[in-house]
Amino acid sequence: VGTTGITSYPTEEVAGMVFVFVREDDFSLDDVPPLSQDLPFRFPENSERFPHPLWPASPSLLDEDAVALGMHRTGYGNWRIACENGFDNAHILVHKDNTIVHAMEWVLPLGILPTADDCITVVEDEAGPKGMMQWLFTDKWAPVLKNEALGLEVKGVNGRAYRTSVVLPGVLMVENWPGEHMVQYEWYVPITDDLHEYWEVIVRVCKTEEERKDHAYRFERVYKPLCLHGFNDCDLYAREAMQNFYADGTGWDDEQLVATDISPITWRKLASRWNRGIARPGKGVDGSVKTHSIR
């Protein structure tokens, strides 16, 4: 008696998803924040703060009639690498050959360069999500449409305006993606230091059963195979390819930074200020003992 026990984890269900606050035994239940503080910025509540004239206000998981459709899989790498890849404005070069980009004739830049010191807004409100908003598709960022050194040029004719933001504990929001009246969320949930759970979720508000069916139909035939798989498969490949460079801890010191790295550097500073501690590897979890690693 008094030597054994089971840790309890607060949960909350939203839009068919169950969120679990994974805490250590000594993390007080009184300190567990509301789920809304760990979800991306909401609209139209934040439309004045973060104007988005190029697209409709993005829906939220917390909206009435929100429908969340997506998938999750295991990423073979550190969650920090995955998270930074999601909003790194240089990484989009890996998507230049994606089927949906060419099928839709999208103008997807080869990269996006910062042109102003205030190209990112850091949000650290006392009550609310802690994160950062990137002012894409404004004069604070310049798209790269041609790279003569590599012989590459963007030939798309249809604009696909979008914007990325990221909040703690590690969730990306891509507004107006992969279509209007939609938003894509990505969660990067640590399992061990070289394994994470990768969640890809598209959210849309569907007020009628017919809208739900139409959206589910298109999700299964377009968004899941061409976006969550086809487009994001490139991200998984890139993240796993970077794992060995960072695996022993020296990679963080050996990085060669460029202008677009203002995004991950801003995020790292933010995460270092507001993280809730470093979780211990779960007992019995594959990969928590390195000699037994799945990798």
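Predicted model: local features only at pLDDT ≥ 70, side-chain atom pairs only at ≥ 80, totals over all residues.
User: Good to know. While we're on cysteines, how many disulfides does the structure hold?

Analyst: The count is 0. Cys206 is in no disulfide, and the nearest cysteine sulfur, which belongs to Cys227, is 16 Å away from it. Cys206 is also buried, with a relative accessible area of 1%.

User: OK, new topic. Which residues touch the most other members of the largest nonpolar core?

Analyst: That core has 58 residues, and the ones touching the most other members are Phe19, Leu61, Tyr162, Tyr185, Trp187, Val203 and Trp267. Helix 3, residues 209–246, supplies the largest share of the core, with 7 residues.

User: Pick one of those for me. What does Leu61 touch?

Analyst: Setting aside residues up to four places away in sequence, Leu61 touches Val14, Ala15, Met17, Phe19, Leu39, Ala66, Ala68, Tyr185, Trp187 and Val203.

User: How far does helix 5 reach from end to end?

Analyst: It has 13 residues and reaches 18 Å from its first C-alpha to its last, close to the 18 Å expected at 1.5 Å a residue.

User: What comes after helix 5?

Analyst: A segment that contains Val285. Val285 is partly exposed, at 29% relative accessible area. Not counting residues up to four places away in sequence, Val285 touches Ile191 and Thr192. Thr192 is 93 residues from Val285 in sequence, and their C-alpha atoms are 8.0 Å apart in space.

User: Let's talk charges. How many salt bridges does the whole structure have?

Analyst: A search finds 13. One of them joins the side chains of Asp125 and Arg49, at 2.8 Å from N to O. Asp125 is in the loop between strand 5 and strand 6, while Arg49 is in the loop between strand 2 (17–20) and strand 3 (66–75), so this pair ties together parts that are 76 residues apart in sequence.

User: Are those two buried or exposed, or something in between?

Analyst: In between: Asp125 counts as partly exposed at 30% relative accessibility, and Arg49 as partly exposed at 38%.

User: Which residue forms a salt bridge with Arg273?

Analyst: Glu124, with the closest N and O atoms 2.8 Å apart. Because Glu124 lies in the loop between strand 5 and strand 6 and Arg273 in helix 5, the pair ties together parts 149 residues apart in sequence. Both are partly exposed, Glu124 at 32% relative accessibility and Arg273 at 46%.

User: And what about Arg239, what does that bridge to?

Analyst: Arg239 pairs with Glu186, and their closest N and O atoms are 3.5 Å apart. Here helix 3 contributes Arg239 and strand 12 (residues 183–192) contributes Glu186, so parts 53 residues apart in sequence are tied together. Arg239 is buried, at 3% relative accessibility, and Glu186 is buried at 3% as well.

User: Which residues are linked in a network of salt bridges?

Analyst: Arg42, Glu45 and Asp63.

User: What about Asn78, where does that sit?

Analyst: Asn78 is in the loop between strand 3 and helix 1. It counts as buried at 16% relative accessibility. Leaving aside neighbours within four places in sequence, Asn78 is in contact with Asp193, Asp194, His196 and Gln243.

User: Last one: what does UniProt annotate for residues 31–278?

Analyst: An unreviewed UniProt entry gives that stretch the annotation "domain: Homotrimeric ring hydroxylase catalytic". In the model, the end C-alpha atoms of residues 31–278 lie 16 Å apart, and the span is 28% helix and 25% strand.

Conventions. Residues numbered from 1 in each chain as written. Heavy atoms only, no water. Core = buried A, V, L, I, M, F, W, Y, C linked by side-chain atoms within 4.5 Å. Buried < 20%, exposed > 50% of the residue type's maximum accessible area, 1.4 Å probe, protein only. Helix = DSSP H or I, 4+ residues; strand = E, 2+ residues; numbered from the N terminus. Contact = heavy atoms within 4.5 Å. Expected span 1.5 Å × (residues − 1). Salt bridge = Lys/Arg side-chain N within 4 Å of Asp/Glu carboxyl O. UniProt positions renumbered as here; feature names shortened; annotations may be inferred. Disulfide = S-S within 2.5 Å.
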